[in-house]
Amino acid sequence: MSAYLIECFESAAAFLPPEMRRAALSMQQGEKCEAEEFRLRVGRPFSVVFPGGEQAVSKDGSVTARSPITVASTDIVTAFELATQSSAHTAMESAKSGYVTVRGGHRVGICGTAVVKEGEVVSIKKLSSMSLRIAKQITGSGDEVLDRIMPRGRLNNTLIISPPGCGKTTLLRDIVRQLSDGTRTEGRGMRISVADERSEIAALWNASPQFDVGGRTDILECCPKAKAVLILLKAMSPQVIALDEITAPEDLSAIETAANCGVKLLATLHADSLDDLRARPLSRKLVSLRLFQNAVLISNRGGKRAYGVYPINDE
């Protein structure tokens with residue numbers, strides 16, 4: 001696993017400007033394995049995000065915050081051009097939503113000055129900060145929960161919840177992969193459609209998934225989830241629909257339609273706990289629809305993820 005994690009780290013580091021790339025590649029192997037993101041902010045230190053927090057990086061690759069590399073505006077433009085393999089002007093138009101998925105499944109987020117026309121963001125210019133999320137696939141992360149969300153071999157509609165950054169998408173991706181390939185059903189995989197609005201679950205690049213989401217999985221990306229669910233329902237005859245980050249009332253309407261058509265559901269949602277899930281207006285309404293039987297709660301204990309599976313309507 002460590003060799004794979006280092007490979008992921010170095011794949012993402014390849015998109016950094018030369019000085020930062022050299023510093024990143026000089027970091028300790030253990031640090032490379034734990035790193036989650038690179039952060040570039042104009043006038044601030046180049047830094048790496050670890051599970052325990054964000055650390056500035058020096059020219060020699062140390063993360064002790066001594067003589068850190070200072071980010072210039074040209075560094076962000078260079079990194080963005082390297083990642084997107086196009087000019088900054090062209091790339092910023094394609095990243096008007098604030099992010100873009102690049103080769104290897106890495107996700108580049110940008111901030112700067114939004115260009116707005118008729119109430120719509122058409123591009124972002126004068127980049128002021130950038131995040132480069134290191135894409136990793138944790139194969140087998142679903143092992144701990146799959147048997148509990150598939151009583152007697154039948155999948156329950158399942159909602160994955162946690163605070164941000166605890167691995168909801170990682171877990172969802174592995175569950176999709178295993179169900180699609182039939183690892184729990186003697187090779188009898190299920191047809192799964194993924195509504196990948198933010199290009200994070202499968203991370204298509206040149207039409208090819210950068211993550212293994214299984215051999216019987218169909219992906220519709222960069223389409224609003226509510227519309228994507230209905231398109232997939234009509235076009236792909238899925239047995240399961242998976243989607244990331246339920247955030248809007250229209251998402252609820254679409255997944256209710258899918259559930260009423262007999263399609264199984266896998267979804268994620270931000271919440272700190274089951275009580276928090278039931279306290280927020282949108283998620284409280286979702287619970288009241290009784291579409292999901294199980295909630296998988298992810299927590300971080302001493303830097304390691306723990307999974308709890310609970311009946312979602314058990315008051």
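Guide: Helix α9 (residues 249-260) packs against helix α11 (residues 281-288) at about 15 degrees, with axes 10 Å apart. This is a predicted model: local features need pLDDT of at least 70, side-chain atom pairs count only at pLDDT 80 or more, and totals for chains, interfaces and linings use all residues. Residues are numbered from 1 along each chain as its sequence is written, and side-chain values use heavy atoms, leaving out hydrogens and water.

Visitor: Why is α9 called roughly parallel to α11?

Guide: Angles under 35 degrees count as roughly parallel. The angle here is about 15 degrees, so α9 is roughly parallel to α11.

Visitor: Which residues make the contact of α9 with α11?

Guide: Contact means heavy atoms within 4.5 Å. Pro 249, Leu 252 and Ile 255 in α9 meet Leu 282, Lys 285 and Leu 286 in α11. The contact divides into 5 nonpolar, no polar and 1 charged. Pro, Leu and Ile count as nonpolar, Lys as charged.

Visitor: What makes β3 and β4 edge strands?

Guide: The open sheet of 6 strands runs β3-β2-β1-β6-β5-β4, with antiparallel pairing. β3 (53-56) and β4 (99-101) each have a single partner strand, so one side of each lacks a neighbour in the sheet.

Visitor: How do you know that β5 and β6 pair?

Guide: Two strands pair if DSSP finds at least two bridges between them. β5 (residues 107-117) and β6 (residues 120-133) are joined by 10 bridges, so they pair. The two run antiparallel. Arg 107 stands opposite Arg 133 in β6.

Conventions: Axes are lines fitted to C-alpha atoms, for helices over the stretch in contact, and angles run from 0 to 180 degrees between N-to-C directions. Helices (H or I, at least four residues) and strands (E, at least two) are DSSP runs, numbered from the N terminus. Angles under 35 degrees count as roughly parallel, over 145 as roughly antiparallel, 65 to 115 as roughly perpendicular and the rest as oblique.
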